[in-house]
Amino acid sequence: NDTATTEIYTLSLHDALPILLVSPNRFFDIGTPARLKVFEEHLTTKNDNRIFQAAQSADSPKEYASKYLGLIASLLSDIPLDKVVQFIEMLTKAREQGNRLYLLGNGGSAATASHFVCNLNKESRVTGKPSFRAFNLTDTVESLTAYANDHGFEHTFREIVETHIELGDVVICISVSGRSPNILEAARRTRELGGLLLALIGEEGSPLEQLADVSLPLETRPG
């Protein structure tokens with residue numbers, strides 16, 4: 001139950017991810033302060049939502065995997081298709097007009113941006129049609145570290161965006177929280193310079209969503 005004595009375990013899930021044992025068969029990820037805060041809110045409100053249900057330990061790896069995949073399917077089914085259409089239309093327009101696409105994100109979102117750029121530039125090529133011109137700003141390690149060192153980490157993407165973006169170019173920000181300072185600074189500067197802003201977010205109502213021309217939310221709560 002929710003009042004059970006808690007203990008800390010280390011499981012071989014994500015490089016020794018910290019896991020909190022809430023009861024004999026319930027685990028919750030508290031690997032970051034943000035995730036710990038969400039966990040505490042769950043206990044306070046006794047909010048028995050889908051994420052919390054999926055965090056319960058299964059009796060076997062097969063059952064755990066089944067619950068996890070079921071959760072993913074449920075989240076994907078909630079994606080608003082009208083936003084997907086708008087997202088595609090803006091990408092298509094940029095390709096047809098020869099505008100550039102710049103993607104950015106922190107951590108895992110940076111890896112997503114890199115993969116996204118690879119697929120846009122290589123896998124989406126169609127004979128007889130213009131190609132995407134997509135660039136991942138997180139791949140420029142030398143620029144990121146230079147700006148971070150000289151101006152502060154929160155200014156990194158803003159400085160790079162300011163160097164490259166032209167009127168009509170598209171910046172795609174990928175952020176689970178939609179609140180990262182360096183992402184928000186880049187988003188604001190994009191709008192100031194006449195660029196278009198797309199956002200892949202994990203939290204509706206975030207500052208990034210408010211700045212974006214089109215935002216595509218996918219519920220991605222910590223835990």
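Select β4, residues 101-105. Leu 101, Leu 103 and Gly 105 point one way from the strand, and Tyr 102 and Leu 104 point the other way. All of these residues are buried, where buried means under 20% relative accessible area, exposed means over 50%, and partly exposed lies in between (1.4 Å probe, protein chains only). In a regular strand the side chains alternate between the two faces of the sheet. Strands here are DSSP runs of E with at least two residues, helices are runs of H or I with at least four, and both are numbered from the N terminus.

A word on the model before moving on. It is predicted: local features need pLDDT of at least 70, side-chain atom pairs count only at pLDDT 80 or more, and totals for chains, interfaces and linings use all residues. Residues are numbered from 1 along each chain as its sequence is written, and side-chain values use heavy atoms, with hydrogens and water left out.

**The crossover from β4**

β4 and β5 pair in the parallel sense over three bridges; strands pair if DSSP finds at least two bridges between them. Pick Leu 103 and look across: its bridge partner in β5 is Asn 136. Between these strands the chain runs through α5, and this β-α-β crossover is right-handed. Right-handed means that, with the strands pointing away from the viewer, the path from the first strand over the helix to the second runs clockwise.

Stop in the loop between β4 and α5, at Gly 107. Is Gly 107 buried or exposed? It is exposed, with a relative accessible area of 59%.

**Helix α5**

Select residues 108-123. The 16 residues of α5 reach 21 Å from first C-alpha to last. That is close to the expected 22 Å at 1.5 Å a residue, the expected span being 1.5 Å times one less than the number of residues.

Colour Ser 109, Ala 110, Ala 113, Val 117 and Leu 120: these are buried. Why do they fall on the same side of α5? They cover an arc of only 105 degrees around the axis, taken from the directions from the helix axis to the C-beta atoms. An α-helix has 3.6 residues a turn, so residues three or four places apart point the same way.

What do the buried residues of α5 pack against? They pack against β4, β5 and β6. Turn to the face away from the buried side: the exposed residues there are Gly 108, Ala 111, His 115, Lys 122 and Glu 123.

**Across the sheet**

Return to β4 and select β6, residues 170-175. β4 and β6 pair in the parallel sense over five bridges. Leu 101 has Val 170 as its bridge partner in β6. Leu 104 stands opposite Cys 173.

Zoom out to show the whole open sheet. Its five strands have the order β5-β4-β6-β7-β8, with parallel pairing. The twist averages 15 degrees from one strand to the next. Show helix α4, residues 81-97. α4 packs on the sheet and touches β4, β6, β7 and β8, contact meaning heavy atoms within 4.5 Å. The direction of α4 makes about 130 degrees with that of β8. Axes are lines fitted to C-alpha atoms, for helices over the stretch in contact, and angles run from 0 to 180 degrees between N-to-C directions.

β7 and β8 pair in the parallel sense over four bridges. In that pairing, Ile 201 stands opposite Pro 217.

Centre on Ser 215. It is buried at 5% relative accessible area. Not counting residues up to four places away in sequence, Ser 215 touches Lys 83, Ala 199, Ile 201 and Glu 209.

**Two last stops**

Go to Pro 207 in helix α9, residues 207-211. Pro 207 counts as partly exposed, at 29% relative accessibility. Beyond four places in sequence, its contacts are Gly 178, Arg 179 and Leu 184. Pro 207 and Gly 178 are 6.1 Å apart, C-alpha to C-alpha, and 29 residues apart in sequence.

Finish at Arg 189 in helix α8, residues 181-192. Arg 189 counts as buried, at 18% relative accessibility. Leaving aside neighbours within four places in sequence, Arg 189 is in contact with Arg 158 and Glu 162.
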